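This report goes through one protein model, part by part. Please look at the sequence and the structure before reading on.

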Amino acid sequence: MSLEHFLNQSVSSWMRGEGPQSDIVLTSRIRLARNLKDYLFSTLYSQAEAQAVLNKIKTVLPNIHTSGISNLELLEMENLKPIEKRVLVEKHLISPNLAEESTYGACILSQNEEVSIMVNEEDHLRIQCILPGKQLKETLELAFNIDDQFEKYLNYAFDGNFGYLTSCPTNVGTGLRASVMAHLPGLVITQQMNQLIAAINQLGFVVRGIYGEGSEALGNIFQISNQMTLGKSEQDIIADLTSIIEQIIERELSAREAIVKNSGIQLEDKIYRSLGILKYSRIIESNEAARCLSDVRLGIDLGYIKNISKTILNELMILTQPGFLQQYAGGPLKPFERDIRRAALIRERLKLENLN
């Protein structure tokens with residue numbers, strides 16, 4: 001399989017898209033947690049009840065028709081290979097929990113993969129939408145449209161005082177998790193991130209790594225999301241997160257400007273050294289690849305590098321993960337073999353960029 005064919009099959013629309021302020025904000029994501037009335041939550045239900053929930057979802061799925069959604073396909077976890085499930089995790093379409101532990105779990109995907117609905121994960125339904133750039137309002141609207149469609153045919157577990165009821169108490173209320181994925185090399189280089197994270201935490205929001213809770217910030221990519229779902233409306237949560245993101249964008253741009261002014265030649269050298277590593281290395285570990293990709297993306301944003309698309313960071317941060325590398329290779333790879341394959345894939349991708 002050629003790399004170009006592999007990319008056409010594997011890259012989600014949000015990876016290639018360039019939404020508003022996409023020089024810093026890579027994606028906006030909305031997730032709504034919902035449970036069905038008269039069914040036990042996933043922490044307590046039996047296998048028979050899990051199967052009943054899945055069957056119920058299958059029954060109503062053909063009725064889900066909303067603008068922005070095309071060709072919804074249901075994938076049952078038990079029918080997928082381990083590498084296929086790992087790829088879905090790496091693309092942020094399902095959680096590791098659904099891939100590894102869920103009984104009668106499934107994922108409903110739209111053709112462009114902007115919509116991903118997990119079935120029988122921590123909750124019966126987790127409706128997730130991802131759009132490129134800073135588009136929190138638009139992403140919330142898409143998620144609401146899907147939620148409304150399901151609610152026509154499903155009775156949700158809902159309380160007049162508390163809102164939507166969920167397996168985890170921290171999701172009770174709106175059931176909403178809103179997040180943005182942001183590339184913040186300027187704040188990292190100027191050593192402002194720790195102070196910023198502490199300030200964001202005090203506002204009821206949290207900063208995590210690229211794959212959420214417990215993950216590291218590979219390539220200077222951070223997720224910023226809400227912690228509170230009770231006591232605020234969805235619109236209020238989005239407004240507060242948008243305000244925080246706009247302040248982060250302003251500080252990141254100021255940090256980049258200061259670095260260029262005070263350390264311009266050193267920054268340029270750092271960027272082009274990283275580009276050289278990506279172009280010519282034969283072995284590269286994931287952390288080094290992420291660091292170099294971050295440098296190159298910064299170089300593109302600052303205008304040092306002009307012949308490479310800015311979406312290459314979005315693509316290669318995903319494509320160089322273990323699941324993708326093994327899928328492209330056609331089978332399992334040992335860690336050292338993955339490092340070789342990672343370097344080769346990056347070289348091929350950059351070469352393809354130049355040809356295009």
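How many of the residues of helix α11 (residues 312-319) are buried? Eight of its eight residues are, so the helix is described as mostly covered; buried means under 20% relative accessible area, exposed over 50% and partly exposed in between, with a 1.4 Å probe and protein chains only. The buried residues of α11 are Ile312, Leu313, Asn314, Glu315, Leu316, Met317, Ile318 and Leu319.

## Basis of the values

The model is predicted: local features need pLDDT of at least 70, side-chain atom pairs count only at pLDDT 80 or more, and totals for chains, interfaces and linings use all residues. Residues are numbered from 1 along each chain as its sequence is written, and side-chain values use heavy atoms, with hydrogens and water left out.

Helices (H or I, at least four residues) and strands (E, at least two) are DSSP runs, numbered from the N terminus.

## The sheet

Eight strands form an open sheet with antiparallel pairing, in the order β2-β3-β4-β5-β1-β8-β10-β9. Its edges are β2 (73-76) and β9 (205-208); each has a single partner strand, so one side of each is left without a neighbour in the sheet. From one strand to the next the twist averages 20 degrees, where axes are lines fitted to C-alpha atoms (for helices over the stretch in contact) and angles run from 0 to 180 degrees between N-to-C directions.

Two strands pair if DSSP finds at least two bridges between them. Strand β3 (residues 106-109) and strand β4 (residues 115-119) are joined in the antiparallel sense over four bridges, and Ile108 has Ile117 in β4 as its bridge partner.

## Strand β8

How much of β8 is buried? Eight of its eight residues are, so β8 is largely enclosed by the rest of the structure. In a regular strand the side chains alternate between the two faces of the sheet. In β8 both faces are covered: Leu176, Ala178, Val180 and Ala182 are buried on one side, and Arg177, Ser179, Met181 and His183 are buried on the other.

β8 pairs with β1 in the antiparallel sense over seven bridges, and Leu32 stands opposite Leu176 in β8. The pairing of β8 with strand β10 (residues 221-226) is also antiparallel, over five bridges. Here Ala182 has Phe222 in β10 as its bridge partner.

## Cavities

A cavity is found on a 1 Å grid over the protein atoms alone, as a set of points where a 1.4 Å probe fits but cannot get out; lining residues have an atom within 4 Å of a point.

Which residues line the largest cavity? They are Trp14, Thr27, Arg29, His92, Ile130, Ser179, Val180, Met181 and Gln223. The elements that give two or more residues to this lining are β1 (25-34) and β8 (176-183); β8 gives the most, with three residues. By class the lining has four nonpolar, four polar and one charged residues, where Ala, Val, Leu, Ile, Met, Phe, Trp, Tyr, Cys and Pro count as nonpolar, Asp, Glu, Lys and Arg as charged, and the others, Gly among them, as polar.

## Two residues with positive phi

Gln21 is not a glycine, yet it has a positive phi of about 55 degrees. It sits in the loop between α2 (13-16) and β1, and its relative accessibility of 36% makes it partly exposed.

Glu113, also not a glycine, has a positive phi of about 65 degrees. Its place is the loop between β3 and β4, and at 14% relative accessibility Glu113 counts as buried.

Ile259 lies in helix α9 (residues 234-280) and is buried, at 9% relative accessibility. Leaving aside neighbours within four places in sequence, it is in contact (heavy atoms within 4.5 Å) with Gly186, Ile189, Thr190, Gly264 and Leu267. Its C-alpha atom is separated by 35 Å from that of Met228, 31 residues apart along the chain.

Asn63 is in the loop between α3 (47-60) and β2 and is partly exposed, at 31% relative accessibility. Not counting residues up to four places away in sequence, Asn63 touches Gln149 and Tyr153. The C-alpha atoms of Asn63 and Tyr164, 101 residues apart along the chain, are separated by 23 Å.

Notes
On a 1 Å grid over the protein atoms alone, a cavity is a set of points where a 1.4 Å probe fits but cannot get out, and a pocket is an open set with protein on both sides within 12 Å along at least five of seven lines; lining residues have an atom within 4 Å of a point.
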